[in-house]
Amino acid sequence: MEITALEGLGIGLTGIALTGSGSAVPDQVVDNEALAQVVETSDEWIASRTGIRQRRILPPTATLADLAAQAGDRALQAAGLAAIDLDLIVLATSTADDLFGTAAQVQAKLGASRAVAFDLTAACSGFVFALATAAQFVRTGVYQNVLIIGADALSRWVDWSDRRTCILFGDGAGAVVMQQNDTDQLLGFEMRSDGQLNSHLNLVHQGEPRSVVPDVTCGQGNYTPVTMNGQEVYRFAVTRVPEVVEKALFRAGLTAEAVDWLVLHQANQRILDAAATRLKIPGEKVLSNLGQYGNTSAASIPLVLDEAIRQGRVKSGDILAMAGFGAGLSWGGAIVRWGR
Ligand code: UT7
């Protein structure tokens, strides 16, 4: 979109560009065969139903902030930007080290002392929501340089004895740098929520009544492991994801034919294939690294994108159709031209 068009709408003075990417994963690998030793499953079942072959697991000695900072540092290097020049860090995560927020720890680790930093929680839609949120600050001229990180360690919250969920998730982090630009390379986006469907996928706090003073009780306890109605979430994903991509394309004034790369949240290869088919986007334009990392929640989009950029597949000028979806339930799409 031309800046003049933005000014005409009265919503901003400048555009945004994504200028660098980075990612990080823990060293520990758990493959399907190893999981089949602890729950009743098989490599054949997992691979054929999901496309997943292995996943990475964050050790208890490491923090999510470590992983997020590593990914962020690599994105800054790729963009040629110093941490001190960052104005804002948005960390999309549902598995914070600290419920008060983890982004400030990432800020400290990076030495981005000028930047304000906050967490944004929207499960597997978190990265797309963070991208759209950050763009508002840059478009309005408030901030110039933003680091957007998606990082999750669902290994902390998965019931490792539940074969319906434990085979799906892995840990990781991915990041992009967003900078002020003459033209706006966020061509369109659309974000949606439906709390009526919340019970299909959640990680809820379960409080036991605890007396505070006579006649006043609070609920204290821990979070219960991830529960998911897989079939319902699958149905939701294969209808809502193509829909939201089409909506974002419409806002961009583009059709699916213009898309160079479909960069979807990596939940299940069957969902990627079904969405691509509905959008009439050929399989060779669909990025996937599910086999290596499984579902890394908010990290999955920037993780697969960074891999494709470093492999030289995604190039400056390419049109990316991104979409995240998951708990909330929430879903969102963004159409971006990579680079300045
Ligand atoms: O990131 C958030 C978004 N999440 C998603 O998008 C996940 C969406 N859902 C899915 O990807 C799929 O629903 C799953 C991969 C989770 C499950 O695949 P499915 O084809 O929907 O399987 P199902 O739940 O219908 O289960 C089929 C059978 C059942 O056995 P019965 O009842 O037919 O005898 C399950 O008990 O497979 C059984 N099963 C397993 N068998 C071996 C479930 N999990 C496993 C397992 N290994 N790990």
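Guide: Let us start with Val286, which touches Leu262, Leu272 and Ala276, leaving out residues up to four places away in sequence. Please keep in mind that this is a predicted model.

Visitor: What makes these residues count as touching Val286?

Guide: Contact means heavy atoms within 4.5 Å, and Leu262, Leu272 and Ala276 are the residues that Val286 touches in this sense. Val286 itself sits in the loop between helix 9 (269-279) and helix 10.

Visitor: What makes Val38 exposed?

Guide: Exposed means over 50%, and Val38 has 62% relative accessibility, so Val38 counts as exposed. Val38 is found in the loop between helix 2 (32-35) and helix 3 (43-50). The C-alpha atoms of Val38 and Ser23 are 29 Å apart, with the two residues 15 apart along the chain.

Visitor: Is Thr93 buried or exposed, and how do you know?

Guide: Its relative accessibility is 2%, and the cut-off for buried is under 20%, so Thr93 counts as buried. Thr93 belongs to the loop between strand 4 (88-92) and helix 5 (103-110). Beyond its neighbours within four places in sequence, Thr93 is in contact with Leu64, Asp119, Leu120, Thr121, Ala151 and Asp152.

Visitor: Which polar contact joins the side chain of Thr93 to another side chain, and what makes it a polar contact?

Guide: The partner is Asp152, at 3.1 Å. A polar contact is a pair of N or O atoms within 3.5 Å, one able to donate a hydrogen and the other to accept it, so the pair qualifies. A polar atom of the Thr93 side chain also lies 3.1 Å from the backbone nitrogen of Thr95.

Visitor: How do you know that the length of helix 8 agrees with its number of residues?

Guide: Helix 8 (residues 230-252) has 23 residues, and at 1.5 Å a residue they should span 33 Å; the end C-alpha atoms are 32 Å apart, so the two agree. Helix 8 also bends by about 25° at Arg240, and a proline, Pro242, follows within four residues. Among the buried residues of helix 8 are Val233, Phe236, Ala237, Val241 and Val244. An α-helix has 3.6 residues a turn, so residues three or four places apart point the same way. After helix 8 comes Gly253, with a positive phi near 70°.

Visitor: Why is helix 6 called mostly covered?

Guide: Eleven of the 14 residues of helix 6 are buried. They include Phe127, Phe129, Leu131, Val138 and Arg139. Helix 6 (residues 126-139) reaches 20 Å from its first C-alpha to its last, close to the 20 Å expected. Helix 6 is followed by Gly141, whose phi is positive, near 80°.

Visitor: What is noted about phi of Asp215 and of Ser297?

Guide: Phi of Asp215 is near 75°, a positive value in a residue other than glycine. Ser297 has a positive phi too, near 55°, and is likewise not a glycine. Asp215 lies in the loop between strand 10 (205-213) and strand 11 (216-223), while Ser297 lies in the loop between helix 10 (290-293) and helix 11 (300-310).

Visitor: Why is Asp215 called exposed, and why is Ser297 called buried?

Guide: Asp215 is at 85% relative accessibility, and over 50% is exposed, so the label holds. Ser297 has a relative accessible area of 3%, which is under 20%, so Ser297 is buried.

Visitor: Which peptide bond is cis?

Guide: The bond from Gly328 to Leu329, with omega near -5°. Leu329 lies in the loop between strand 14 (319-326) and strand 15 (330-337).

Visitor: Which residues are closest to the ligand?

Guide: Of the 23 residues that surround the ligand, the closest are Thr41, Arg49, Gln231, Asn268 and Asn295. A polar side-chain atom of Gln231 lies 2.5 Å from an oxygen atom of the ligand. The protein covers 75% of the 960 Å² of accessible area that the ligand has on its own.

Terms used
Residues are numbered from 1 along each chain as its sequence is written. Side-chain values use heavy atoms; hydrogens and water are left out. Helices (H or I, at least four residues) and strands (E, at least two) are DSSP runs, numbered from the N terminus. The expected span of a helix is 1.5 Å times one less than its number of residues. The bend at a residue is the angle between axes fitted to the seven residues ending there and the seven starting there. Buried means under 20% relative accessible area, exposed over 50%, partly exposed in between (1.4 Å probe, protein chains only). A residue is near a molecule or strand if one of its heavy atoms lies within 4 Å of it. Accessible areas come from the Shrake-Rupley method with a 1.4 Å probe; for residues, only the protein chains shown count as cover.
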